[in-house]
Each structure stands twice: as structure tokens, then as C-alpha cells.
Amino acid sequence: ITAVDVIRAKRDGGRLSDEQIAWVVDAYTRGAVAEEQMAALAMAIFLRGMDARETATWTGAMIDSGERLSLAVDRPTVDKHSTGGVGDKITLPLAPLVAACGAAVPQLSGRGLGHTGGTLDKLESIPGWRAALSTDEITRQLNDVGAVVCATTEGLAPADRKLYALRDVTGTVESIPLIASSIMSKKIAEGSSGLVLDVKCGSGAFMKTPEQARELARTLVEIGTAHGVATTALLTDMSVPLGRAVGNAVEVAESVEVLRGGGPADVVELTVALAREMLALAGIDADPAAVLASGEAYETWCRMISAQGGDPEAPLPVAEHVHVVPAPRDGILEQLDAYAVGVAAWRLGAGRARREDPVQHAAGVVLQAKPGDRVSAGEPLLELRTDTPEAVAGALEALEGAVVVGDGPVSQRPLVLETVR
Ligand code: URA
């Protein structure tokens, strides 16, 4: 097999054999297939696609490029992955909730890039909290607490790390087989026996339409099933930010409200819906809404944060500067575009432009109203929080046209659009 043979086969619309896929992914990881050859192959896959068998084999090859965690845990393990959204802090209340119900949740997470936030960036706003854990520490914490949210270990799916960086600079990110195999290689290597995917759709998501999101969801579920991981996907709306807080510390604070029995209704609804799917896969008969209300999930949160060096009672960082955006007129808030709010939070300092940049813990956007709410002219609609006031102008520019106040009524899209099993 040569790289040129594999590129030509896909360029001409053929199906790659299992041998070709295993060879090319392994050779690329070792440096024996050049970056320009993999770039050509990624573009051929982008244009020609891959079928279910090719995609499952490709995923397997990426898993085999690194190690698989074997977690010695005596409870069923189940994880959640979101394809990324604005204000999507659901992992924070969800992991301790599902652990409090009796499952073990190994949630290996990433940092934010672009307009979507990263779970680790959010948690790092808690004084003392540490993202990097060894496999032994992960296993111990899963047995003691039941939930771990930490950084992906270096050894998981190295082929994906290399390929994702290449796709990022060659216009080949937005391919469903490549996205699906990228996500699933990391999640399957993590070794959990069940996986629930939150596939976002709408302006703030990767997938803008329900059709694209549905196809991604089906592909993810097919890969999980082919690799023996019980997998379910929920298609959920991302046209409006989730909850009222978009940023880092502000999202932690909102998650704590949810864990204490309060918080915005949409965050509670999605947390409970995902918990039900995770518990069903783990074979645990528990009512997550009742466990959330009982305070047990909050206790598990405190133990999870303390186990990683964080102080769950410590005050969270507060931004030095707050700029208030008022409602332009009396009426009903009809639209609040998720993508625009995500970009605004990013420009305020909550996100990063380059992988190595730091984030501001206190930066972000706090929504004082959500679509459907009645607002009065001049009343605060959005709070822009930052430590660098010169960033406000860029955030305001991102928000141009994103807020629509009219006379209503507003047709509310359901939050959970579909379930794919
Ligand atoms: N997230 C991933 O992990 N990989 C992709 O390709 C896209 C989103």
C-alpha cells in the first residue's frame, strides 16, 4: 500500500479497504505519510465521504494509534459529550448528578477554541482546581467520588490530535465522517461502557440545521455501536445560549445554582434529560430530578472539586468592568442569537484566539432576559463583563443585529428536538 494509492482510490470515489485505512492512519501517526499526503486524503474524504464501515474502521485505527484507558471501577461507567455550544456548562452539574445516582462518570474534557467555551477553562476559575490527573488519580477519584472532569491524557488517540490540527488549516473540519470519527476515537479510548452525545444544532453550533445534526448523530451512534459502546444521541437546540451565563466563572456560578436546586429552567431540563439517558445506559433505576432536588448532587460536586485541589466554597473571580446593554424598546425579546453571544463572550476574554493564549476567568456575558420575556426600554438586557474594557467595542460589534425586541408572540423551539438510538 502507498499513500498515493489510498488518495487516488478516495479521490475517484472508491471505498477504502480496512487494510488501507489501518495502514494510512498508522503511517501518518508515525510520520511515514507526509502532512501534504494526509491533507490530500482528508480533502478527498471531505468531498467523497466515507460509508459506515469505513468510518467505524477509521475510528478504530485512530483509537489504536494510542492507549486505551482501562478504568478499574466497580460501578457502571458512562460519559457525555457535547458537540459544543454557547453557555453549555451542562457537564458541570451533570457529572456529579449522575455520580450521585450511582454511576461512575469519567469526563475527559477539552479547552475552548473559537466561540464555544471549554469545560476545563470554566472549572479553572475555581481557586486551586487542577485539570491534569494521572490515570491512577482518575481511577481513584472514580471509585471515591464517582465523577472526574479532567484534561484528556496525552496518550489518547494521538492520530486525532495530529489530524485535527491538519484539518483546521486545510478546510477539512466540516466533514461528518471526519468529525464523528474524531469525537468517537477520543471517547471510546477513554474506556467508558456507555456514552450519551448532545448533538447541538442552530447558529451557536457546528451543525446549523437539524438535517446535518441528525446525520452527525446517526453517524456517532453507528460508530459507538460498531465498537461495543452503548451510545445514544440527543439533538438539542443551540439557536439561543443555554442558561443566562456565558463565560467561565459565571457559568460555574450558574451550575452551582442548579446543583443547589435553582438555576435557569433550560439548564435544569437538559441536565435532567441527559442524566436520564446516561442512567438508562448504565442500567441504573434512579430519578435524577429527585436526586438534584435532594442536594446529594451538590455534595458530590463539592467532593469532586475538592478531590482536584479546588475550594468549592471560595469566592469566584469577579470582572473589573461591567458594560450594560439596555433593551432598545418596550416589547418581547424575540431573538438572542447564540453565535453572536458566543463571539461577544470570546472577545471579552472568556475564550482564546490561539491554543496557547490564557483566558480571563471572570469575562463573559450575562443575559438578563431570554427570548419570550417582556422587556422595557432602557432596562438591562445583557451584561458584558471583562477585565479589559477596551474589548467591549468588539463585543458590541459582534452583537449587532443579534438582539430583536418586537411585539411577539415568540414561537419557542423545544430544547430537546430528537433522540437517536
Ligand atoms: N470536535 C472534535 O473533537 N473533532 C472534530 O473533528 C470536530 C469537533
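**Exercises on a predicted model**

The model is predicted, with local features needing pLDDT of at least 70 and side-chain atom pairs counting only at pLDDT 80 or more, while totals for chains, interfaces and linings use all residues. Residues are numbered from 1 along each chain as its sequence is written.

**Exercise 1.** Describe the residues that surround the ligand.

*Solution.* Begin with the list: Tyr164, Val173, Leu178, Ile179, Ser182 and Ile183 surround the ligand, each with its C-beta atom, placed from the backbone, within 6 Å of it. Next, look for the main contributor, which is helix α9 (residues 176–189) with four residues. Finally, sort the shell by class, which gives five nonpolar, one polar and no charged residues (Ala, Val, Leu, Ile, Met, Phe, Trp, Tyr, Cys and Pro count as nonpolar, Asp, Glu, Lys and Arg as charged, and the others, Gly among them, as polar).

**Exercise 2.** Describe how domain 1 meets domain 2.

*Solution.* First take the bounds, which come from an automatic or database domain assignment: domain 1 covers 3–49 and domain 2 covers 78–307. Then count the contacts (C-beta atoms, placed from the backbone, within 7 Å): 11 residues of domain 1 touch 11 residues of domain 2. On the domain 1 side, α2 (18–30) and α3 (35–48) each supply at least two residues, and α3 gives the most, with seven.

Conventions:
Contact = placed C-beta atoms within 7 Å.
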